[in-house]
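Colleague: I would like to go through this model with you. Please tell me what each label rests on.

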Amino acid sequence: MKRGKKYLAAAKLVDANKLYSLSEASALVKKTNTTKFDATVDLSIKLNVDTKQPDQMIRGTIVLPHGNGKTVRVLALTNKVDEAKAAGADYAGAKEMIEKITKESWFDYDVIVATPDMMGEIGKIGRILGPKGLMPNPKSGTVSPDIKKAVKEIKAGKVEYRVDKDGNINLSCAKVSFEEKKIAENLQALCDAIVRSRPLTVKGKYITNAAIHTTMGPSIHITFEGRDQ
């Protein structure tokens, strides 16, 4: 792939053979941003897991200390409409919202949260929500009897991390406009959560590679300071 002058200049700032600490990487990722817009800082991790084994399908959620800089539109499917709206839900309702999705192909939201009593109705449109990654799930914290807490956490920067079939985790963790300290603290929270998710059945090195980069910037390889072994 042919790279532009800005990318090549940014790449020269990165030592490809070095593992940077989270604080070093957080400072460097700002310097290597090549865009004029507020680029996203992405974290990519390669895990030594066998995703064919159910206990090695790493998945979890975490509320980032400083959010990830993205504005998330939340639809709450619940009978506790007032509670959901008070917590910050952009849209809230019960069966009438499900009908709107079905009849109007309405998808002007990023996340759906629901109370357990609504799952029977939501299951009827699973074929619509599933392919778009919108189906609420207790494992991701999007199905909860405490709708206020669920909505507040998502609005505060709750993200889900999940390993793909090849053992990779990729997710956005900050914006390049964040202070270095805030980027580092978000990274640390994510890294600690993933380390805590290590299955007991994994032998040898758990995290084989980890790096951060901006939307169009070079990769900066990081170390978890001894916690990734």
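Modeller: Start with contact, which means heavy atoms within 4.5 Å. Leaving aside neighbours within four places in sequence, Ile-128 is in contact with Ile-101 and Phe-107. This is a predicted model: local features need pLDDT of at least 70, side-chain atom pairs count only at pLDDT 80 or more, and totals for chains, interfaces and linings use all residues. Residues are numbered from 1 along each chain as its sequence is written, and side-chain values use heavy atoms, with hydrogens and water left out.

Colleague: Why is Ile-128 called partly exposed?

Modeller: Buried means under 20% relative accessible area, exposed means over 50%, and partly exposed is in between (1.4 Å probe, protein chains only). Ile-128 has 22% relative accessibility, so it counts as partly exposed. Ile-128 sits in helix H6. Helices are DSSP runs of H or I with at least four residues, strands are runs of E with at least two, and both are numbered from the N terminus.

Colleague: How many helices and strands does the protein chain have?

Modeller: Eight helices and nine strands. Of its 229 residues, 46% count as buried. The C-alpha atoms fill a box of roughly 55 × 45 × 30 Å, taken along the principal axes.

Colleague: What makes Ser-105 stand out?

Modeller: Its phi is positive, about 50°, although Ser-105 is not a glycine. Ser-105 lies in the loop between helix H4 (95-104) and strand S5 (111-114).

Colleague: How do you know that the buried residues of H4 line one face?

Modeller: Those residues are Met-97, Ile-98 and Ile-101. Seen down the axis of H4, they fall within an arc of 105°, so they line one face of the helix. The arc is that of the directions from the helix axis to the C-beta atoms. Lys-103 and Glu-104 are exposed, on the face turned away from the buried side. The cover over the buried residues of H4 includes strand S3 (74-77), strand S4 (91-93), helix H5 (119-123) and helix H6 (126-129).

Colleague: What puts the buried residues of H7 on the same side?

Modeller: The buried residues of helix H7 (residues 147-155) are Ile-147, Ala-150, Val-151 and Ile-154. They cover an arc of only 95° around the axis, which puts them on the same side of H7. Their cover includes S3, helix H3 (81-86), S5 and strand S6 (158-162). Just after H7, Gly-157 takes a positive phi of about 115°.

Colleague: Why is H2 called oblique to H8?

Modeller: Helix H2 (residues 22-31) and helix H8 (residues 180-196) pack at about 130°, with their axes 8 Å apart. That angle makes H2 oblique to H8. Angles under 35 degrees count as roughly parallel, over 145 as roughly antiparallel, 65 to 115 as roughly perpendicular and the rest as oblique. The axes are lines fitted to C-alpha atoms, for helices over the stretch in contact, and angles run from 0 to 180 degrees between N-to-C directions.

Colleague: Which residues of H2 and H8 meet?

Modeller: Leu-22, Ser-23, Ser-26, Ala-27, Val-29 and Lys-30 in H2 meet Glu-180, Ile-183, Ala-184, Leu-187, Gln-188 and Cys-191 in H8. Seven residues of this contact are nonpolar, three polar and two charged. Ala, Val, Leu, Ile, Met, Phe, Trp, Tyr, Cys and Pro count as nonpolar, Asp, Glu, Lys and Arg as charged, and the others, Gly among them, as polar.
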